[in-house]
Amino acid sequence: MIERIYILENVDPVTFYGVNNSHMQLIKTLFPKLRIVARGNVMKVIGDEAESELFLKKIREVEKYCEEYNSLSEEVILDIIKGNAPNVVKQENLIIHGMNGKAIVARTENQQLLVKAFEENDLVFATGPAGSGKTFVAIALAVKALKNKEVRKIILSRPAVEAGEKLGFLPGEMKDKLDPYLQPLYDALQDMIPAPRLKEYMKTNVIQIAPLAFMRGRTLNDAVIILDEAQNTTTHQIKMLLTRLGMNAKMIVTGDVTQIDLPPTATSGLIQAMHILKGVRGIGKIEFTKKDIVRHKLVQRIVDAYDKFDLKRKKEREAQTKTGENQVNNKT
């Protein structure tokens, strides 16, 4: 009789053990000669050496499946332990599997181009309207790189600019003050990483979410950096972040140039950066359109209505300017 210890390192124990430990109960029935005790992410197995080795081999395979697909079922456990390949439906344009095994895929042509641009470049600009999936796909790509151990951390940032309203002095510590600005990034992460694992990543700084101002002076190595809402950066801010790029690092910069919340006199750093860096090798650029909007179908109609309104206002201003010029010419 020997005792072995196995530590679950890459999966959420709740997902692995199942509701009310149903998965563990099944595993115990499949290995009746062994005494198996599981607490937290630690499993202890006591029994015959050969039987224990077989158990550990199969548990590694089950864990690998659970890590890749972010889900586990009794049918999969039975298949793996009996030596059969689990029945997996292949998803086209799959990026990763999110919570409960949900397939996160590049749904539109431009989302697929963003995936390709990320693979081929160290810096990618992704611009387009709200709801086109820029940030969500960018975060999915970062999580995939982290899971594949291509990088050691993910750094998410966005400028703390209020969208046309004054929030005043927010209570709490620094994190509490910044959370309202960074909530969209939390939302995306919670769709892809189990809550206990995400909490651990945040605690150990494997995933860092910080305002742009906190990036000065840092060199960002072995990381995927995502700058969201970049249209609200100043020219100095975006230059500062772009020059933080370190060894074995990639960066995705997302934004919507039609939703700039900076003062009218300020120049958007995103617009200027894309102009200055146009044609630079190693930089990709993807422009999303209204056709890429994957939110509620009403969002695309709202964007269309605002575009028509803006075009009408532009024509009215041009007509007023032309009328004014004609009046001046007539007087002279």
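1. Glu287 is partly exposed, with a relative accessible area of 49%; partly exposed is the class between buried (under 20% relative accessible area) and exposed (over 50%), computed with a 1.4 Å probe on protein chains only. Its salt-bridge partner is Lys285, with the closest N and O atoms 3.1 Å apart. A salt bridge here is a side-chain nitrogen of Lys or Arg within 4 Å of a carboxyl oxygen of Asp or Glu. Lys285 is also partly exposed, at 48%.

2. On the basis of these values: this is a predicted model, in which local features need pLDDT of at least 70 and side-chain atom pairs count only at pLDDT 80 or more, while totals for chains, interfaces and linings use all residues. Residues are numbered from 1 along each chain as its sequence is written, and side-chain values use heavy atoms, with hydrogens and water left out.

3. The structure holds seven salt bridges. One of them pairs Arg158 with Asp228, where the closest N and O atoms are 2.9 Å apart. Arg158 sits in strand β7 (residues 153-158) and Asp228 in the loop between β9 and α9 (235-242), so this pair ties together parts that are 70 residues apart in sequence. Strands (E, at least two residues) and helices (H or I, at least four) are DSSP runs, numbered from the N terminus. Both Arg158 and Asp228 are buried.

4. Salt bridges with shared partners join Arg158, Asp228 and Glu229 into one network.

5. The closest N and O atoms of Arg197 and Glu200 are 3.6 Å apart.

6. Two residues deserve a look at the backbone. Asn205 has a positive phi of about 65° although it is not a glycine. Asn205 is found in the loop between α8 (195-203) and β8 (207-211), and counts as partly exposed at 46% relative accessibility.

7. Asp222 likewise is not a glycine, yet has a positive phi, of about 50°. The loop between β8 and β9 (223-227) contains Asp222. With a relative accessible area of 22%, Asp222 is partly exposed.
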